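Subject: The structure you asked for

Hi,

Here is the structure I said I'd send over.

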Amino acid sequence: LTSRKANWSKSLGVDCLPLEVLHRNNSIALLLRHRPDLDSAIAQLGELAHELGDLPLALHLAGRYLARYRHSPLGQLGNYLLEIKKPELLSHRSMTEGDISPTSHEQHVARTFAISYGALKSSSEIDQQARDLLALATCFASGEPLPLAFLSASYGLQSGETDAMAKFEDALSRLTDLGLISEADSGVLI
């Protein structure tokens with residue numbers, strides 16, 4: 001961890017551990033650990049992983065939910081997929097019923113995002129710009145790579161605006177430091 005990330009995590013009382021999105025095959029494998037009986041539904045599991053953004057915590061919670069309700073219509077993969085595709089995904093029962101895990105980390109997807117989002121201070125110009133960039137990024141296709149050029153053009157940046165570009169990059173760095181976005185080496189946000 002950089003000292004900035006370490007200081008941020010200490011101020012919140014949490015440990016900052018980077019955990020990337022999973023490769024689709026690993027996402028499916030994680031879901032199958034909870035429901036090995038779904039091994040004939042790989043395409044639907046892949047669709048579920050896509051809907052959950054291949055996020056490890058969301059996949060873990062979905063897998064637990066499917067396992068808990070395996071003998072109920074709630075735990076049937078087709079029914080669950082229909083529920084997950086609704087706009088209120090983060091308030092779905094499967095994403096909100098996690099307590100603190102044995103490793104002492106938050107298991108509530110919305111609260112996990114809220115902790116990071118809450119670290120953006122309204123009194124900081126860079127943090128406010130980071131909030132604006134995050135809001136703008138949500139207007140693009142969910143789950144698809146977002147080229148930085150699209151985001152910067154949508155934000156209204158012009159080439160040659162050195163100060164504005166530096167603030168834009170600082171705001172992006174703030175979002176990546178908080179784990180709210182990830183930036184690939186190829187110049188895209190994921």
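Before the helix packing, one definition: a helix axis here is a line fitted to the C-alpha atoms over the stretch in contact, and the angle between two axes runs from 0 to 180 degrees between their N-to-C directions. Please also keep in mind that this is a predicted model.

With that in hand, take α2 and α4: they pack at an angle of about 30°, and their axes are 8 Å apart. Angles under 35 degrees count as roughly parallel, so α2 is roughly parallel to α4. Their crossing is right-handed. On the α2 side the contact involves Ser-27, Leu-30, Leu-31 and His-34, and they meet a set of α4 residues that includes Pro-56, Leu-59, His-60 and Ala-62. Gly-63, Arg-64 and Ala-67 also belong to the α4 side.

Pro-56 is worth a click while you're there. This proline sits in helix α4 and has 14% relative accessibility, so it counts as buried. Pro-56 also pairs up with Leu-22 across the sequence: the two are 34 residues apart along the chain, but 6.6 Å apart in space from C-alpha to C-alpha.

Now the overall picture. The protein has 10 helices and two strands. Reading from the N terminus, the order is α-α-α-α-α-α-α-α-β-α-α-β. There are 190 residues in the protein, and 37% of them are buried. If you count contacts with a separation of 6 or more, 57% are between residues 24 or more positions apart. The accessible surface is about 11000 Å², with 55% of that belonging to carbon and sulfur atoms.

On to the inside. In soluble globular proteins, nonpolar side chains tend to be buried together. In this model the largest nonpolar core has 24 residues, and the members touching the most others are Leu-45, Leu-48, Leu-52, Leu-77, Tyr-80 and Met-95. Two or more residues come from each of α2 (24-34), α3 (42-51), α4 (56-68) and α5 (77-84). Which of them gives the most? That is α4, with seven residues.

Setting aside neighbours within four places in sequence, Leu-48 is in contact with Leu-31, Leu-66, Leu-77, Tyr-80, Leu-81 and Ile-84. There is also a second, separate core of 19 residues, with Leu-133, Leu-178, Leu-180 and Leu-189 among them.

The crossing of α8 and α9 is right-handed. From α8, the residues making the contact are Gln-129, Asp-132, Leu-133, Leu-136 and Ala-137, and from α9 they are Leu-151, Ser-154 and Tyr-155.

Is Ser-152 buried or exposed? Buried means under 20% relative accessible area; Ser-152 has 14%, so this serine is buried. Not counting residues up to four places away in sequence, Ser-152 touches Leu-157 and Phe-168.

Cheers

Technical notes
Residues are numbered from 1 along each chain as its sequence is written. This is a predicted model: local features need pLDDT of at least 70, side-chain atom pairs count only at pLDDT 80 or more; totals for chains, interfaces and linings use all residues. Side-chain values use heavy atoms; hydrogens and water are left out. A nonpolar core is a set of buried Ala, Val, Leu, Ile, Met, Phe, Trp, Tyr and Cys residues joined through side-chain atoms within 4.5 Å. Buried means under 20% relative accessible area, exposed over 50%, partly exposed in between (1.4 Å probe, protein chains only). Helices (H or I, at least four residues) and strands (E, at least two) are DSSP runs, numbered from the N terminus. Contact means heavy atoms within 4.5 Å. Accessible areas come from the Shrake-Rupley method with a 1.4 Å probe; for residues, only the protein chains shown count as cover. Angles under 35 degrees count as roughly parallel, over 145 as roughly antiparallel, 65 to 115 as roughly perpendicular and the rest as oblique. A crossing is left-handed if the near helix is turned anticlockwise from the far one by less than a right angle, and right-handed if clockwise.
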